[in-house]
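Here is a short report on charged side chains and how they pair. Please look at the sequence and the structure before reading on.

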Amino acid sequence: MMDGRVGAIREALDGEGFQHVSIMSYTAKYASSFYGPFREALDSNPRFGDKKTYQMNPANYREALVEAYADESEGADILLVKPGLPYLDIIRLLRDKSPLPIAAYQVSGEYSMIKAGGALKMIDEERVMMESLMCLRRAGADVILTYFALQAARCLCGEKR
């Protein structure tokens, strides 16, 4: 998220003999309203100003490429897009332009919408959860970070609750 951070981390790790430790860079972290439930839970909403000084403008897809190239050159091993579902196009863009693995972070707002829809019987929660994860994968995510990890794993293993 901050210029030079990946390079500094890589240099410090390498200097201490940790050349095989991977770095997942927050390459494309957008200033998103989808972080709301997490911030509310931690009471970490900004008291003043906002976080847009170091998070990307949601309207600017080109900046993701600039940041990806910078992170790659500094030694990143994985490029992260956060949030995931609203930025499927960015996941695909980075997948098409970078040889590195692409990670997608399905954030609290994405999770909460699916959970709320399921609780209100507006959607089939399990099917929508699995479809959302499949869409992240189809867009090009090699790694998916999600609050649904345990529930999805159970579903994939055929376990019923």
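The model is predicted, so local features need pLDDT of at least 70 and side-chain atom pairs count only at pLDDT 80 or more, while totals for chains, interfaces and linings use all residues. Residues are numbered from 1 along each chain as its sequence is written, and side-chain values use heavy atoms, with hydrogens and water left out.

Side chains of opposite charge can pair when their charged atoms come close. A salt bridge here is a side-chain nitrogen of Lys or Arg within 4 Å of a carboxyl oxygen of Asp or Glu, and by this rule there are seven salt bridges, including those in the table.

| Pair | Closest N to O |
|---|---|
| R10 and D14 | 3.0 Å |
| D96 and R92 | 2.9 Å |

Helices (H or I, at least four residues) and strands (E, at least two) are DSSP runs, numbered from the N terminus. R10 and D14 are four residues apart in helix 1 (residues 5–15), which separates them by about one helical turn. D96 and R92 are likewise four residues apart, in helix 4 (residues 88–97).

Buried means under 20% relative accessible area, exposed over 50%, and partly exposed in between (1.4 Å probe, protein chains only). R10 is buried at 10%, whereas D14 is partly exposed at 30%; D96 is exposed at 53%, and R92 is partly exposed at 33%.

D142 is partly exposed at 41%. Finally, salt bridges with shared partners join R10, D14 and D77 into one network.
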